[in-house]
Amino acid sequence: GQTSDLTRRGRSLLAAVARARPSLARGFFFPREVFTRLKRVGSPDRYWRHLMGLYEKDIRRLHRRHGDWTGVVFESLTVTSPIAWVRPGQVHNRIGYFRTRFARLRYRLGGRRYSIFLHTLITWQGRWYVTHLRAPPRRRRQR
């Protein structure tokens, strides 16, 4: 079901973070083919590549949280905030989808519990995908 799929994806993300290998969690990021059909922006493919680059950078940054990941144990990945319907036309999208902000991945390492907070997940065909691992960078206003 959906819970076991989310658990499988959470395990792949933790493995990617622990090994500093974003490719291990590429399947948890929103699929490029769907994203380019869904988004109504100037260049949806370029925007997807930008977001994927941020995702990979965030995985590498999270890896630096611990010097040694040996013995890391996945505990859970749970959606921790209300799920909202995003209508077509909102946030530059052509197709509606469900979105949640702030899912929580819990893990144990060296006898302590830790969390990684995932900023934005959206659903497609009954599966959750990450679009923003961390909060999206704010654009600076031109003065």
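This short talk walks through salt bridges in one predicted model.

Some ground rules. The model is predicted, so local features need pLDDT of at least 70 and side-chain atom pairs count only at pLDDT 80 or more, while totals for chains, interfaces and linings use all residues. Residues are numbered from 1 along each chain as its sequence is written, and side-chain values use heavy atoms, with hydrogens and water left out.

Now the pairs. Side chains of opposite charge can pair when their charged atoms come close. A salt bridge here is a side-chain nitrogen of Lys or Arg within 4 Å of a carboxyl oxygen of Asp or Glu. The whole structure holds 9 salt bridges.

Start in helix α1, residues 2-19. Helices are DSSP runs of H or I, at least four residues, and strands are runs of E, at least two, numbered from the N terminus. Asp5 and Arg8 form a salt bridge at 3.2 Å, N to O. They sit 3 residues apart, about one helical turn. Buried means under 20% relative accessible area, exposed over 50%, partly exposed in between, with a 1.4 Å probe and protein chains only. Asp5 is buried at 7%. Arg8 is exposed at 51%.

Next, Arg26 and Glu56. Their closest N and O atoms are 2.6 Å apart. This pair links distant parts of the chain: Arg26 is in the loop between α1 and α2, Glu56 in helix α3, 30 residues apart. Glu56 is buried at 16%.

Last pair: Asp58 and Arg134, at 3.6 Å between the closest N and O atoms. Asp58 lies in helix α3 and Arg134 in the segment after β5, so the pair ties together parts 76 residues apart in sequence.
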